[in-house]
Amino acid sequence: MGVIGVQLVVTMVMASVMQKIIPHYSFARWLLCSGSLQWYQHPTEQELRTLAGKQKVKTKKERKYNGHIENKPLTVPKDIDLHLETKCVTESDAIVLHYFPEYQWLVDFTVVATAVYFITEVYYCIVDPANEMNIGIVWCLLVLAFALKALFSLTAHYFKVEEGGERSLCITFGFFFFVKAMAILIVTENYLEFGLESGFTNFSENAVQFLEKQGLESQGPVSKLTFKLVLAVLCALLGAFLTFPGLRLAQMHLDALNVATEKITQTLLHINFLAPLIMVLMWIKPITKDYIINPPLGKESIPLMTEATFDTLRLWVIILLCVLRLVVIRYHLQAYLNLAQKCVEQMKKEAGRISTLELQKMVARVFYYLCVVALQYVAPLVMLLHTTLLLKTLGNHSWGIYPVTDLKSPMETNSLPTSVDSDPTVSQENTKLTVAQITLALGGLRNVFSPLLFRGILSFLTWWIAACLFTISLFGLFYHQYLTAA
C-alpha cells in the first residue's frame, strides 16, 4: 500500500491547515501577542528634552537666521529621571521584528508536525498497518532540519559581527565540545548506556552481509574510528549552535527568578533550568538505571521494572520536561523584555551624559531582538522533543509499560518476499522480477539501518543536546551571577 492511505490523508489535511488556518490562528503569534508580554517603549526626543529642562529644538531656518547651524547631537544627563512606558506586545508590533518569520514558521510547523506524529502513532496502535512507511518520521526530520537552519542562521549572524567576541566565543565552545565529545565517545557503556557500540556492530555486520548478497566484498562501510570522528564533528557543530541559546537562557533564568514572587513559579523555573541535567542523568547507568531497576533494599535486590519500561519512562520524562519548558516561556521572555528598564536603571547610576539617539537605541534594541531570543529558546526545545520522538519510533520503543519483544524496523512490519512467483505471461514475470529485486534491495537496506543503530545514535544525540544546554547554561549562570556583577 505504501504511503498512499490514511497517512497521506493526514498529511494533506495538515498541509491545508498550515495554508488556510495557521495564517489566522498561529500558535507562535499567540505565544507573543496574547497580551501577557509587555515591552518598554523608547522615549521621544521631546520627552527627553522636557526631562532635561531644555527648550524646544529650533527649526533649521531659525538656527540659520541666528548665524550658525548646530550639528552637535543632543545629550542628556545619565541620571535623568526617566520612567519608560510599557505596552502589550501586539501582532502589528511583532510582525516587523527581526527573525519573526523564522520564529513563526518554526513554531507553527513544529505544532503541525507533532500533531501528525501523534495521529500517526494512534493509527499504528489501532490498525498496525503492514508495509507502510511511518510518515511521522519525515515530519520529525523536517522539524529538526528547520531548527538547525534557524540556529545556523543565528550563529552566522553572530559571525558577521566584527566588534565583540561573539565569533571567538562560538569557535572556542565548538572546539571545547569537540574534545568533550571525543572523551564521551570512549566511555564504556557500563557508565553511559547509549547503545552506540552494539548499534555500530549490528550496522557493520548487516552491511557486510548486504554487500555480499550484492556480489561485493567489503570489510564494512566505515571504521569505528571514522564513525566516532563524524559524530564528534557533528557534536562540535551542535555545541557551537547552542552556545548563545544556552548563555541567553542563563540570563533569562536569573532575571525571571528576580521577578517571580510565587513559590510555585520559582520552583518551576528551577526545575526548568535543571531539566537538561535530569535528561543527562537518565543515561548515566550507575546513577539512575541501576538504582531504579534494581534498588538496594536491604540484603535482597527486587527489580522494580524492566529495561524496556525504564526506556519508556525516560521518553516520558523528556517529553514532560519539554512541555514544562514551553509552559514557562513567557516568564523568560518577559524577563528579557525587562532588560530595557534594567539598562536604564543601570545608566542612572553612572556619571556623565548620553546622546538621546544612543538612549533610544539602548531601549528599542531590546524589543527589536525579541524574536531572536524566542527562537533561541524554542529551537533547542524543538530539537530535544523531536529527537526523542524519533528515538521512540526508529528505536522501536513503546509508549506503554509493556516491553517490546522484537526489533523490527518501523519502516516495514511484514516479511519481505524471497522469491518470485511464476507467471505465465512473460511481461508480467519480468515486471514482478524487477519489483521483487527492488523490494529485496530495500529490505536489505532496512536490515542494515536497524533499530539498534537508531537507538544508539538518537540516544546519544538527545543526551548530547541536553548536555550542551546544561553545560553552557551553567557557564552562563556563573558568568552573569559573578563575573558581570564584579
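**Note on pocket, rings and charges**

1. The model under review is predicted. In helix α6, which spans residues 100-127, Phe-100 and Tyr-103 stand 3 residues apart, so about one helical turn separates them. Their ring centres are 6.5 Å apart and the planes meet at 45°, so this pair counts as tilted. Both Phe-100 and Tyr-103 are buried.

2. A second tilted pair is made by Trp-316 and Trp-399, with ring centres 5.2 Å apart and planes at 55°. Trp-316 belongs to helix α14 (residues 307-327), whereas Trp-399 lies in the loop between α18 (370-394) and α19 (426-448), so the pair ties together parts 83 residues apart in sequence. Trp-316 is partly exposed, at 37% relative accessibility, while Trp-399, at 18%, is buried.

3. The structure holds 26 aromatic pairs. One aromatic cluster is formed by Phe-173, Phe-176, Phe-177, Phe-194, Phe-460, Trp-463, Trp-464 and Phe-475. A ring also meets a charge: the charged end of Arg-330 sits over the ring of Trp-30, 4.2 Å from its centre.

4. The largest pocket has a volume of about 1,200 Å³. It is lined by 34 residues, of which Arg-248, Gln-251, Tyr-336, Leu-339 and His-480 are the closest to its centre. Helix α11 gives the largest share of the lining, 7 residues. By type, the lining divides into 18 nonpolar, 9 polar and 7 charged residues.

5. Salt bridges number 13 in the structure. One of them joins Glu-91 to Arg-29, with the closest N and O atoms 3.4 Å apart. This pair links distant parts of the chain, 62 residues apart: Glu-91 is in helix α5 (residues 91-94) and Arg-29 in helix α2 (residues 27-33). Glu-91 is partly exposed, with a relative accessible area of 41%, but Arg-29 is buried at 9%.

6. Glu-350 and Lys-78 form another salt bridge, their closest N and O atoms being 3.2 Å apart. Glu-350 is partly exposed at 36%, and Lys-78 is buried at 18%.

7. Within helix α16, Glu-345 and Lys-348 are 3 residues apart, so about one helical turn separates them. They form a salt bridge whose closest N and O atoms are 3.8 Å apart. Elsewhere, salt bridges that share partners join Glu-193, Lys-289, Glu-307, Asp-311 and Arg-314 into one network.

Terms used:
Residues numbered from 1 in each chain as written. Predicted model: local features only at pLDDT ≥ 70, side-chain atom pairs only at ≥ 80, totals over all residues. Heavy atoms only, no water. Phe/Tyr/Trp six-rings, centres within 6.5 Å; stacked < 30°, edge-to-face > 60°. Helix = DSSP H or I, 4+ residues; strand = E, 2+ residues; numbered from the N terminus. Buried < 20%, exposed > 50% of the residue type's maximum accessible area, 1.4 Å probe, protein only. Lys NZ or Arg CZ within 6 Å of the ring centre and 35° of its normal. 1 Å grid on protein atoms, 1.4 Å probe; cavity = no way out; pocket = protein on both sides within 12 Å on 5 of 7 lines; lining within 4 Å. Points joined across faces, edges and corners; volume = space filled by probe spheres on them. Nonpolar A, V, L, I, M, F, W, Y, C, P; charged D, E, K, R; others polar. Salt bridge = Lys/Arg side-chain N within 4 Å of Asp/Glu carboxyl O.
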